Amino acid sequence: MKTLWKDLHAITMRDGRYNIIEDAAILTEDGLIIWIGKAHEVPDSDAQQISLNYWWVTPGLIDCHTHLVFAGSRSAEFEERLHGISYSEIAAKGGGIISTVNATRQATEQELLKLALKRIEFLMKDGVTAIEIKSGYGLDLNSERKILTVIQKLKTLLPITIKATCLAAHDIPIEYKNRSDEYIDYICDVMLPLFASENLIDAVDAFCEHIAFSPQQVEKVFRKAQKLNLPIKIHAEQLSSLHGSSLAAKYHGLSADHLEYMTEQDVIAMAQSDTVAVLLPGAFYMLREKQLPPIPSLRQHHVKIALSTDLNPGTSPMLSARLLLNMACTLFKMTPEEALAGVTINAAHALALNHQHGSLEQKKIANFVAWDITHPADLAYWLGGQIKNKIIVNGKILDV
Ligand code: NIG
Ligand code: FE
């Protein structure tokens, strides 16, 4: 069944630029884009026709770094931080990630699924049609597996594309206090092989930071991931410079994420391995960071820059992709065009989805969003409110 989507302006994001086609049309068949171009050049076809009111159409947005399967709340911690206690101090006294781990371990699969669905719905309403979700609030075999099973369920329940990443190396669990090397061995010897054999994971991530794991420990995890043929990602240079991003580059990582404290050497290493820089302005904002990621240097060395909500209870309870675009522009001085590339084609690269997602081009999956706006920059410009949109997933209008 063919559908001709007409009366629209296309922001194609081909080659990471707006690459606008005004007065455009898109022909889709069996969930794929089979033609896109000027309305007056539409090929002959008996397709059903759907008008998009001359709204502006972007590729479906991609949120390439989230931790949205968790239980409990950390709003009290947010309040503590505003009384002057730092994120690291809270983590040191058993709060932070570990408090979410406790709540998540106690929650049932059903409870976690319900909570996750609620959070994804916000993002979908905002035009997100592909998303990555990490484990990392379980930190033992059964709890990590429970989270990954929830992600697996989400894949079957929702029409959007979902990628699952194992972040068992997110923090040191209480049972392994002062024995972080042993926990890393447990991840490598037991968790990763099992999750891989059960097809529960698409990638492996680790938190490389003085409050989490050292580069040497992370490298062990990467070597194991490589043996299992799983791509790697890293949380790096968020609070200090340990060169985790260079380490990710060494293993041809899909992405290195956060990156406020990265050096120019790290940038060069990432450029050489085509590892995507995923910036997370929500975490930067919530932690009131001062150190900006080195955007001019990333631009200069042609590192692809993606953006993500980092949706998590501790540092980035962010439920809006449009707010993310705005923060990237106001806080990181990215242009609205760069920001849009960050949640479309570059985010697709960060998940190895770039052949099917991220731009409006022939042969890609027919995931796109028609927005009631008058200029592409409107998406990054408005703070809050709701922009009317129509979301198309796999060639069908989504009812969210
Ligand atoms: O991406 N950096 C580590 N992990 C999360 C924070 C998790 C938490 O505080 O619960 C992040 O910011
Ligand atoms: Fe994160």
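Trainee: Which is Y137, buried or exposed?

Mentor: This is a predicted model: local features need pLDDT of at least 70, side-chain atom pairs count only at pLDDT 80 or more, and totals for chains, interfaces and linings use all residues. Residues are numbered from 1 along each chain as its sequence is written; chains are lettered from A and ligands numbered from 1, in the order in which they are written. The scale uses C-beta atoms placed from the backbone: 20 or more others within 10 Å is buried, 12 or fewer is exposed, and in between is partly exposed. Y137 has 31 other C-beta atoms within 10 Å, so Y137 is buried.

Trainee: Where does Y137 lie, and which residues does Y137 touch?

Mentor: Y137 lies in the loop between β6 (128-134) and α5 (141-157). Helices (H or I, at least four residues) and strands (E, at least two) are DSSP runs, numbered from the N terminus. Contact means C-beta atoms, placed from the backbone, within 7 Å. Leaving out residues up to four places away in sequence, Y137 touches H67, F70, T100, V101, T104 and I147.

Trainee: What is the largest C-alpha distance in the UniProt "binding site" set that holds Y137?

Mentor: The unreviewed UniProt entry lists Y137, N312 and G314 as "binding site". Its positions follow the numbering used here, feature names are shortened, and annotations may be inferred rather than shown by experiment. The three are spread over 178 residues of sequence but cluster in space, with a largest C-alpha distance of 11.3 Å.

Trainee: Why does N312 count as buried?

Mentor: N312 sits in the loop between β12 (305-307) and α12 (321-332). N312 counts as buried because its C-beta neighbours inside 10 Å number 25.

Trainee: Which residues come nearest to ligand 1?

Mentor: Near means a C-beta atom, placed from the backbone, within 6 Å of the molecule. There are 13 residues around ligand 1. Those that come nearest are I97, A283, N312, G314 and T315.

Trainee: How many polar residues are in the shell around ligand 1?

Mentor: Ala, Val, Leu, Ile, Met, Phe, Trp, Tyr, Cys and Pro count as nonpolar; Asp, Glu, Lys and Arg as charged; the others, Gly among them, as polar. The shell has four nonpolar residues and one charged. Its polar residues number eight.

Trainee: Which residues does H65 touch?

Mentor: H65 is in the loop between β5 (61-63) and α1 (75-82). H65 is buried, with 30 other C-beta atoms within 10 Å. Not counting residues up to four places away in sequence, H65 touches E132, D257, V278, L280, S308 and D310.

Trainee: In which strand is H235 found?

Mentor: H235 is buried, with 29 other C-beta atoms within 10 Å. Among its contacts are D205, C208, D257 and H258. Its strand, residues 233-236, is β9.

Conventions. Two residues are in contact if their C-beta atoms, placed from the backbone, lie within 7 Å.
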